[in-house]
Structure formats: C-alpha cells, structure tokens
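Subject: Structure handover

Hello,

Here is the structure we talked about.

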Amino acid sequence: MSDSIGTEPAPLVLRRVTVRFGSFTANDAIDFSVGRGEIHALLGENGAGKTTLMRVVAGLLVPQDGTIQIDGRVVRLTSPLDAAAHGIGMVHQHFMLISTLSVAQNVCVGIAKAGRLFPNLSQVARDLDEIGARYGLHVDPHALVGSLSVASQQRVEIVKALYRGARILVLDEPTAVLAPQEVEGLFRVLRMLAAAGTAIVFISHKLGEVMALSHRVSVLRDGRLVTTKATADTNPAELARLMIGEDLVLPQVDGKHASGPVAIETRSVHLRDEFGVPRLSDVSLAARSGEIVGVAGVDGNGQQQLAEILAGLQTPSSGSVIMTSPDGPIDVSHSGPGERIALGLSHIPEDRHRTALVDMSIADNAALDSIDRPPLARWGFLSHRAIRAFAARLIAANDVRCTGLDQPVMTLSGGNQQKVVLGRALAHSPRVIVAVQPTRGLDLGATVFVHRQLLAQCAAGAAIVLVSTELDEVLALSDRIVVMFAGRIVGSMTRAEVTLQRLGAMMTGQTA
Ligand SMILES: Nc1ncnc2c1ncn2[C@@H]1O[C@H](COP(=O)(O)OP(=O)(O)OP(=O)(O)O)[C@@H](O)[C@H]1O
Ligand SMILES: [Mg+2]
C-alpha cells in the first residue's frame, strides 16, 4: 500500500500535477499515489481542488504541468476512453448516466466508439449479473436508469466502471447521496474491491467515513497538497485542522428558542402518487415561528413528499396546508410555489444541482428568486447593477469560492454551488424555511456556517422545517423532532425527550 510493493509499481502515481483555469490555479504541483488494494481518501474544503485532480486522472482535464504514471509508465490521458483503456473508472459527484436508457445500455455507451460496434446486450446483462454476484452489487440490467433510486444509480456507475475493467476506481463524494445504511453497503463493496486488488480513491467530507474506510488520507487546501498520512496515524480533529488551517468552532445551541405562533402547518394531509400508492397518510405537522422542527427518518419514508407539500410543489390528495400571513391564516393547499414564496416561504430543495441552478453565471443564479421584486426589479425593469451588487453580497456573505460574478455556476465546485443556492434561499429573511438536507456536499466549515445561519434565522423569527437523514444534524439544531415512517408521523418529541434508542426504534417503525 505504499508507492510500490516490492518491485511492483503503484497503479497510479501523480507527480507535480498542475491545473490552471485562466489565472486561477486549482491544482498546484500535486504529488499523489494509490497502491494496489489501497483505499486512499482525498479530503479538503469545498473548492480545494479534489474533483479537479480526479478529473485529470479520469482523462477529462489535461494538466498544464506534471505527469501521470500508470503501473510505472508515464501516460497521457486526453479522454475518458483513454483513461478507461488504462483501467481507470470514475464515479462522479453528479452522475453521468442517461436516464432514458437501460442499465445495460448505459454500461455500453461510448464503448461502441472504441471499436465494438454493436454490443450484445444480453451478453452484457449476463456479465453485469456476474459482477453483481461477485461484489454484492445487484442491479437489474434491463431497468431504465431513470426509474432507479439514487443508491441504485450509484451501483450502476460502479458496475459500469468494473465492466470496463477498472483497476483504479475513483469515487467523488459517493456517500453524499446515500442514506446511512446504504453507506454501509457501499463500504462493503469497496472493501471487497480493494481486497481483490483494486486501487481506490475515495472523496468525502465526512471524517468518520474516512477514518473507517481508508488506509491513507491526503488533504488538499487551496489547490495544494497539505499532507498524506496513514489513516491509523491521524484522527478527525487533526484532519479538520489540516483541511481548514485552524480549529473549527462549533455553534452553541441553547435548545430553547422563544417560539411564537404557528407559521405553517399541514392538517391531516394524505398524498397518493401517480400510481395511486399512498405516500403520506394523515400527516399533521405545525412549525411555529422561532422554532426548528426536525423531520427525522430513514430516507424514503415520505420526508421528501412532505417537504414538497409544504413548498407547494405537490398538492395533497386530501387535507390542507395553512400558512399564517400578517393578515391571518391562509389556506395554501392549492397554491403553487410562487404564491408561497410571496408569503415568505423559502425552500432549500434536496436535489439542488438539478432543480435549483440554471446554466448561467453566478450573478444570474444568485438573483433567480429575486428578479421580480425590488431592488433588483422596479416597474418591470431589471437593474443589472442591483443584481450584481446583490450577487456580490451573497458571494461574500456565504464564502462562495469563485473567480468572479461572471463565472458560470456549473464550473463552481460542488459545495460552492450549494452555497449559492443556500445563500439565495436565505437572503430575504424568510418567515418559513423548508430545508431538505441543507448541508449535503458541504465541507465542515460550510456545514457549521449553514447551521449558524439556520439558527440565526430561527432566532429572528423564522419557522424552520428541517428534513435530514443526518441524525447528528437533526439533534444539533431541532427544538422538536418528529419521526416519519412509511408516510406517517410516528412520533414527536422535544429535544429534551430524545434518546437515540427511542429515535432509532421509531425510525424503524417500532412505536413505543
Ligand atoms: N471549468 C472551470 N473553470 C473555472 N474554474 C473552475 C473550473 N472547474 C473548477 N474550477 C475551480 O477550481 C476550484 C476547485 O474546484 P473543485 O471542483 O476541484 O473543488 P472540490 O475540492 O471538488 O470541491 P467540493 O468539495 O465543493 O466538490 C474551484 O474554485 C472551482 O471554481
Ligand atoms: Mg468536488
């Protein structure tokens, strides 16, 4: 697991790799290696350069300087096909699958170009079954990718890489999209692959995962390599310090916000999906201003639907949603997101990359929620100067690491894209905030920052519904916690009443 075992050269060695975007240096002379059978974790704040470095390995970026060696030989990787031919596979932060094709078809996309004109899909399906059986990576080769859960899509990405013969596997924040029990499943697969000799690069912001899974860990900061260490020789506190360059101060929560009147509530809401399957049953939930209500539960138990009902993206099959405006309660059951935004609701959606950003500059994205209100717009005219000033404030306040207002938002690092969405959602002192997995993909510092923001908004009188599968997060922030199971609220308790045992029992459907 060192650079070389005996005389055998390491599968992947990067030397002094440098990547610049214009005058900005995203990777500065980085040395990095992964041995056979090694799981090497790559850590760093949002924008530190992790994805960029791995895009070099995947053949998506050609560095301005430095070399890549595979099995001891210097190679030039100018396309993902090049990289695949050298045994490199990458599972991206944002998946690269085509949702209208089947799993087997997705696995073959691009291979045809490499010379095999007509892939034999039934043979591919058999091969996928075999890979699935060997590593516990089961996917239905005939399923449409668009119909699969996120965790299954991730398995497809891994299977795809293995099918193409990957001996070096790069996973960019693979756990950010998984529920805790799915993380365990992924780790089993990765350990098995490593035991079979695969060299693995694992990117994550979660230090617990890095400690549990990796053999070595490298830390990037501002595009430079800070250190590479054996995981056994370090600890989470040291890693946090290496990433941030200083100690991290956690926000103090006193647990007793002064809560006011109910700002939003659902009354006996039922929701059936397009196939008539009940997704929510008899859900009554109220959030008072100055209160954070945490919605806990294993992913997929109706939290997503509840958030969409609150935000106006879904209409209840029966029951109602009430928001309180300064003029009294208003039934908003049948009003859309726009009307609720006008009543002071702000929604931080789960899938921010897909639903919350458009392929334009940072400035334009920052202004998206605000272009119909002063000072950005007056009498139907947009003020570009006001938009730019607004965006500049948002970037400064949220520590969005970028080269300027005109940088296309899609070229920001994953975590910095999140910061734009969050900053936008919290910019107008919302009266109600529906936050779904608000810190997914954020580094430690940014996570603490968002927690502080939510606490500050709450102290200023916002009613916050916080949906999160991260129990630590729910426990750290919520005044009251409700647990969802199978589309129902199965329990509600104050922070003082919470025990992990009670919570765990409720989350798995055992009511006390
Ligand atoms: N195509 C590009 N044009 C300009 N700048 C870019 C481009 N791609 C990346 N960058 C910049 O390079 C820096 C490093 O980005 P990168 O995506 O590697 O960060 P990261 O460590 O993966 O962060 P995160 O944890 O948020 O995913 C960022 O500041 C980003 O804005
Ligand atoms: Mg990244």
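Start at Gly300, which sits in the loop between strand E15 (291–296) and helix H9 (303–311). Helices (H or I, at least four residues) and strands (E, at least two) are DSSP runs, numbered from the N terminus. Gly300 counts as exposed, at 66% relative accessibility. Buried means under 20% relative accessible area, exposed over 50%, and partly exposed in between (1.4 Å probe, protein chains only). From Gly300 to Leu503 there are 203 residues in sequence and 17 Å in space, C-alpha to C-alpha.

Two housekeeping points. This is a predicted model, where local features need pLDDT of at least 70 and side-chain atom pairs count only at pLDDT 80 or more, while totals for chains, interfaces and linings use all residues. Residues are numbered from 1 along each chain as its sequence is written, chains are lettered from A and ligands numbered from 1 in the order in which they are written, and side-chain values use heavy atoms, with hydrogens and water left out.

**The six-stranded sheet**

This open sheet has the strand order E8-E9-E10-E5-E11-E12, with mixed pairing. Two strands pair if DSSP finds at least two bridges between them. Strands E8 (88–91) and E12 (224–230) are at the edges with a single partner strand each, so one side of each has no neighbour in the sheet. From one strand to the next, the twist averages 15 degrees.

E8 runs parallel to strand E9 (residues 168–172), with four bridges between them. Ile88 has Ile168 as its bridge partner in E9. Gly89 is partnered by Leu169. Both faces of E8 are covered. Ile88 and Met90 are buried on one side, Gly89 and Val91 on the other.

H1 lies across strand E5 (39–44), E8, E9, strand E10 (199–203) and strand E11 (216–221), at about 140 degrees to E5. Helix H8 (residues 236–244) packs on the sheet too, touching E5, E11 and E12, and its direction makes about 30 degrees with that of E11. Contact means heavy atoms within 4.5 Å. Axes are lines fitted to C-alpha atoms, for helices over the stretch in contact, and angles run from 0 to 180 degrees between N-to-C directions.

**The four-stranded sheet**

The order in this open sheet is E4-E3-E6-E7, and the pairing is antiparallel. Strands E4 (24–34) and E7 (73–75) form the edges; each has a single partner strand, so one side of each is left without a neighbour in the sheet. The twist averages 30 degrees from one strand to the next. Strand E6 (residues 65–70) is joined to E7 by three bridges. In that pair, Ile70 stands opposite Arg73. Helix H1 (residues 50–57) packs on this sheet, where it touches strand E3 (12–21), E4 and E6. Its direction makes about 120 degrees with that of E3.

**Ligand 1**

What surrounds ligand 1? There are 20 residues around ligand 1, the closest being Gly47, Thr51, Thr52, Ser413 and Gly415. The cut-off for being near is a heavy atom within 4 Å. Oxygen atoms of ligand 1 lie 2.8 Å from a polar side-chain atom of Lys50 and 2.9 Å from a backbone N or O atom of Gly49. A polar backbone atom of Thr411 is 3.4 Å from a nitrogen atom of ligand 1.

**The core**

The largest nonpolar core has 46 residues. Such a core is a set of buried Ala, Val, Leu, Ile, Met, Phe, Trp, Tyr and Cys residues joined through side-chain atoms within 4.5 Å. Leu43, Val103, Ile158, Leu190, Leu193, Ile200 and Phe202 touch the most other members. Helix H6 (residues 180–195) gives the most to this core, with seven residues. Beyond four places in sequence, the contacts of Ile200 include Val34, Leu169, Leu171, Leu190 and Leu193.

**Two buried polar residues**

Thr231 is in the loop between E12 and H8. Thr231 is buried, at 4% relative accessible area. Its side chain makes a polar contact with the side chain of Ser214 (2.8 Å). A polar contact is a pair of N or O atoms within 3.5 Å; within protein, one must be able to donate a hydrogen and the other to accept it, and residues adjacent in sequence count only if both atoms are side-chain atoms.

Ser281 lies in strand E14 (residues 278–288). Ser281 is buried, at 13% relative accessibility.

Best wishes
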